[in-house]
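Visitor: Hello! I am new to protein structures and would like a close look at a single part. Could you show me the model?

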Amino acid sequence: MNRDFKNILFSEERIKERVAQLGVEITQSYSGSSLMLIGVLKGSFVFLADLARSIDLDCEIRFMSASSYGTSAVSSGEVNIKEPLDFNVRQIAGRDILLVEDIIDSGITMVELREFFSAFNPASLKICTLLDKVSRREVPIKSDYAGFICPDEFVVGYGLDYAERYRNLPYIAALKPEEYS
């Protein structure tokens, strides 16, 4: 499998350290609050699990599915919210919400999700992403908490995939172009 990668960008150890730091930052920011973490499936599941264990607060964890990629290596530009939330407006209204994403690339998906959740009148709505690929941004969006600035590479591992492969890697690697073109 390592033959599929150009190089490892973020090691398992480096990811663990940064996720722990993010947990401390979030704990301090939301001190005294009951936080709702909403993970964007499927890519965020590994990151969210580790992040949640690093946050020293009462947290509720929910998931939803949204994507603009499908099985392609590039965004389609159209966001597909695949699964409805399993809770109603009363559970969002007045709550502190933290959207947890694996990677913000074009920003299109996160802008749509921010607008979607804003309609439910949360007390606060912030964004936490493991990887922020600011060089690929097509719409204005900024994460409140970012693990790493990501180079303009197609990355996999630690929950991120290409065609449902590589999610199980404990590190994040740049996939060789011939593997996804």
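This is a predicted model: local features need pLDDT of at least 70, side-chain atom pairs count only at pLDDT 80 or more; totals for chains, interfaces and linings use all residues.

Visitor: Which residues form a nonpolar patch on the surface, and about how much accessible area do they have together?

Guide: Happy to take you there! Residues are numbered from 1 along each chain as its sequence is written, and side-chain values use heavy atoms, with hydrogens and water left out.

Now to your patch. Phe45, Ile61 and Phe63 form it, with about 260 Å² of accessible area together. Such areas come from the Shrake-Rupley method with a 1.4 Å probe, and for residues only the protein chains shown count as cover. A patch is made of residues with over 30% relative accessible area and no salt bridge; nonpolar side chains (Val, Leu, Ile, Met, Phe, Trp, Tyr) are joined within 5 Å, like charges within 9 Å. Phe63 has 37% relative accessibility, so this residue counts as partly exposed (buried means under 20% relative accessible area, exposed over 50%, and partly exposed in between, with a 1.4 Å probe and protein chains only).

Phe63 is found in strand β3, residues 59-67. Strands (E, at least two residues) and helices (H or I, at least four) are DSSP runs, numbered from the N terminus. Cys59 is partly exposed, at 24% relative accessibility. Cys128, by contrast, is buried, with a relative accessible area of 0%. The structure holds 0 disulfides, a disulfide being a pair of cysteine sulfur atoms within 2.5 Å.

Stay with strand β3 for a moment and look at Glu60. The side chain of Glu60 meets that of Arg95 in a salt bridge, at 3.0 Å from N to O. Arg95 lies in the loop between α3 (89-92) and β5 (96-104) and Glu60 in strand β3, so the pair ties together parts that are 35 residues apart in sequence. A salt bridge here is a side-chain nitrogen of Lys or Arg within 4 Å of a carboxyl oxygen of Asp or Glu. Glu60 is partly exposed, with 24% relative accessibility.

The structure holds 14 salt bridges, and some of them link up: Lys42, Asp161, Glu164 and Arg167 are joined in a network. Within this group, Arg167 meets Asp161 at 3.2 Å, N to O, and Arg167 also meets Glu164, at 3.1 Å. Arg167 counts as buried, at 12% relative accessibility. Asp161 is partly exposed at 22%, and Glu164 is partly exposed at 47%.

Finally, here is a sheet to trace on your screen. Three strands form an open sheet in the order β1-β9-β8, with antiparallel pairing. Its edge strands are β1 (5-10) and β8 (155-156), each pairing on one side only. Two strands pair if DSSP finds at least two bridges between them. There are 4 bridges joining β1 to β9, and 2 bridges joining β8 to β9 (residues 172-175).
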